[in-house]
Amino acid sequence: MSWGTELWDQYDTVAVHTQKGIDFCERFTNFLKERSHIEFEYAKNLKRLVKNYQPKKKDEEEYGQFSWAKAFWDLLKELHDLAGQHEVIAENTQGNVIKDLNNLVQDYKQDRKKELQEGAKIQEHLKASLAQLEKREKQYEKAFREAEKATDAYRRADADINLSRAEVEKHRNNMMLKSQQSDDCKNEYASQLQQTNQHQNEHYHNHMPQVFQRLQNIDENRIDKIKSYIKQSADIERNIIPIINTCIDGMVKASDSINAMEDSISVVNKYKSGYPIPSDIAFDDLSNSQIQDGRNGNTLTTPKNLNVEKGSVKATISGGKSKKRSGLLGLFSSSKTNVTRSDDPKEDFSDLPPSQRKKQLLKKIDSIKKEITRETAEREGMLKMKDVYVQNPALGDPNSLDKKIEENGEKLDSCRKELSKFQNYLSDAEGKKSTTNLAVSDDSLSRSTSDGSVNRDPNIIPPPPSIQQPNNDVYTSIPDDDELHSPDEFEDPEEVLEQYPVIGTCRALYSFTAENEGSVTMEENEEMSVLEQDQGDGWTRVRKKDEAEGFVPTSYIQIHFFDQDEV
């Protein structure tokens, strides 16, 4: 159904209707803007809520091992992700729907204005034609009346016998003139009427229907766009529903991970002291333990069971305090029972219960090993940079790194001493005998700094950083200063075969010449077996095909461990 046919006389009404369409588009745009603002505010408030309840470092240390705390923190993470999806709704609505809708409103206004101007122009043309027709009609009507008056005047003059012939002829000429003018106006009126009818026919059957049709197309296009934008806004929300469902599933999964039994076990592991339960208190029979004092003949009475276990004393409800004996008995018991307690934590954590002490020692050892790994990587980087400076002095002075390398070596030596000390503490806490497995002495880093960095051949290509492999023996003990040995102090070969099984293979990236008995010479691309991985000192124990064993620089070989295949 066409507006041009059905609404040919409703031009003004159509103009008002199209303006209402623009008003609706602007109203719908404002609705989407407010909806996006609400989504942004909702996401912002959710994220603020999550931030307010995020665990602090103290909370992680206090509750981190409990499943209910982990579940709550996982719930916060999922809630944060869910808030992000509401931000996605707002961003996509603003970036896609609202932007396109604004463009639609602007285009719709311009097209409507253009068509209305065209329609107004066509209507003005028709009005001008009608006005000209009306003018011609009035001229014709006036000329016709004047012609009729002239005709009547001529007839009266012709019938009047008192008028002269000349006067009658004058009236006759006037009648002829007026009749001619009336005929001319009549012809002009007829011509204008024909033109006006043609203009009117074109106006109502051609020009205006086209304008109405274009306005109809514009309005229908607007309606289709509104339809697509409403659907698009719904699709934006539908697309994030699977992600929101995933977040909700994560919350459910977090709730399912809560295990009361495991939390109870965690409470035991966290607060268990490791002390044995106090045994029954023995009866102190003073009558059977009289001792004669040979110096003055007095009789001293001492209890038999004065040697109370240290763990039993500390595990009592009273906090480990024992009663002091009065009199002479206090002299014998004061040295054993009076223990000076300090509020400051001890270095070896011996003031803690056994279980807690082990945890703290393991934590300390792990931090020291991380520090050793970091310092070792930094050292290798400086040595590599120095090799580059040696080969190309224009880049920098090689000697400028000596001090830093020396300081790094001192830090590594200090870290290794600390690691050895705390591993001995751990062995003491576990009741084990300390073992050693370092292959270099404490001053080996200082020697390697001076020997390896200053006297290097500039023509030798600097080796790449060594391939870092995980140390499976996390809490391997480190020897004391007097037990450390350099690469030239090794055990008997037969014992080595038993102590060091093959744990991987390696290939020499560069040739290496051994300078002492502890190291072994290798050629480039030579295949060897790995017996012991690098302990952080830059040396790896290998076995050649001729059964020769020794240490080679870790950065000179490419290692493949067998445990990597198992993973």
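Visitor: How many helices and strands does the protein have?

Guide: This is a predicted model, and its secondary structure comes to 13 helices and 7 strands. Buried residues make up 32% of the 567 residues.

Visitor: What makes glutamine 85 count as buried?

Guide: Buried means under 20% relative accessible area. Glutamine 85 has 13% relative accessibility, so it counts as buried. Glutamine 85 is found in helix H4 and touches Ile240, Ile243 and Ile244, leaving aside residues up to four places away in sequence.

Visitor: Let us turn to charged pairs. Why is the link between glutamate 134 and lysine 138 called a salt bridge?

Guide: The definition asks for a side-chain nitrogen of Lys or Arg within 4 Å of a carboxyl oxygen of Asp or Glu. In this pair the closest N and O atoms are 3.6 Å apart, so the pair meets the cut-off. A search of the whole structure finds 23 salt bridges.

Visitor: Where do glutamate 134 and lysine 138 lie?

Guide: Both are in helix H4, which covers residues 67–159, and they are 4 residues apart, about one turn of the helix.

Visitor: Why is lysine 138 called exposed, and why is glutamate 134 called partly exposed?

Guide: Exposed means over 50%, and partly exposed lies between that and the 20% limit for buried. Lysine 138 is at 52%, so it counts as exposed. Glutamate 134 has a relative accessible area of 44%, so it is partly exposed.

Visitor: What makes glutamate 188 and arginine 136 a salt bridge?

Guide: Their closest N and O atoms are 3.0 Å apart, and the limit is 4 Å, so the pair qualifies. Glutamate 188 lies in helix H5 (residues 165–256) and arginine 136 in helix H4, so the pair ties together parts that are 52 residues apart in sequence. Glutamate 188 is partly exposed at 35%, and arginine 136 is partly exposed at 23%.

Visitor: How do you know that glutamate 526 and lysine 544 are buried?

Guide: The cut-off is under 20%. Glutamate 526 is at 19% relative accessibility, so it counts as buried. Lysine 544 has a relative accessible area of 16%, so it is buried too. Salt bridges that share partners also join Glu371, Arg374, Glu375 and Glu378 into one network.

Visitor: What do the side chains of glutamate 526 and lysine 544 form?

Guide: They meet in a salt bridge, at 3.5 Å from N to O. The pair links distant parts of the chain, 18 residues apart: glutamate 526 sits in the loop between strands S3 and S4, and lysine 544 in the loop between strands S5 and S6.

Visitor: Now for two helices. Why are H2 and H5 called roughly parallel?

Guide: The axes of H2 (residues 11–52) and H5 come within 11 Å and cross at roughly 15°. Angles under 35 degrees count as roughly parallel, so H2 and H5 are roughly parallel to each other. H2 passes H5 in a left-handed crossing.

Visitor: Which residues make the contact between H2 and H5?

Guide: Among them are Tyr11, Val14 and Phe24 of H2, and Met208, Phe212 and Leu215 of H5. The residues of this contact divide into 11 nonpolar, 2 polar and 4 charged.

Conventions. Residues numbered from 1 in each chain as written. Predicted model: local features only at pLDDT ≥ 70, side-chain atom pairs only at ≥ 80, totals over all residues. Heavy atoms only, no water. Buried < 20%, exposed > 50% of the residue type's maximum accessible area, 1.4 Å probe, protein only. Axes fitted to C-alpha atoms, helices over the stretch in contact; angles between N-to-C directions. Parallel < 35°, antiparallel > 145°, perpendicular 65-115°, else oblique. Left-handed = near helix turned anticlockwise from the far one by under 90°. Contact = heavy atoms within 4.5 Å. Nonpolar A, V, L, I, M, F, W, Y, C, P; charged D, E, K, R; others polar.
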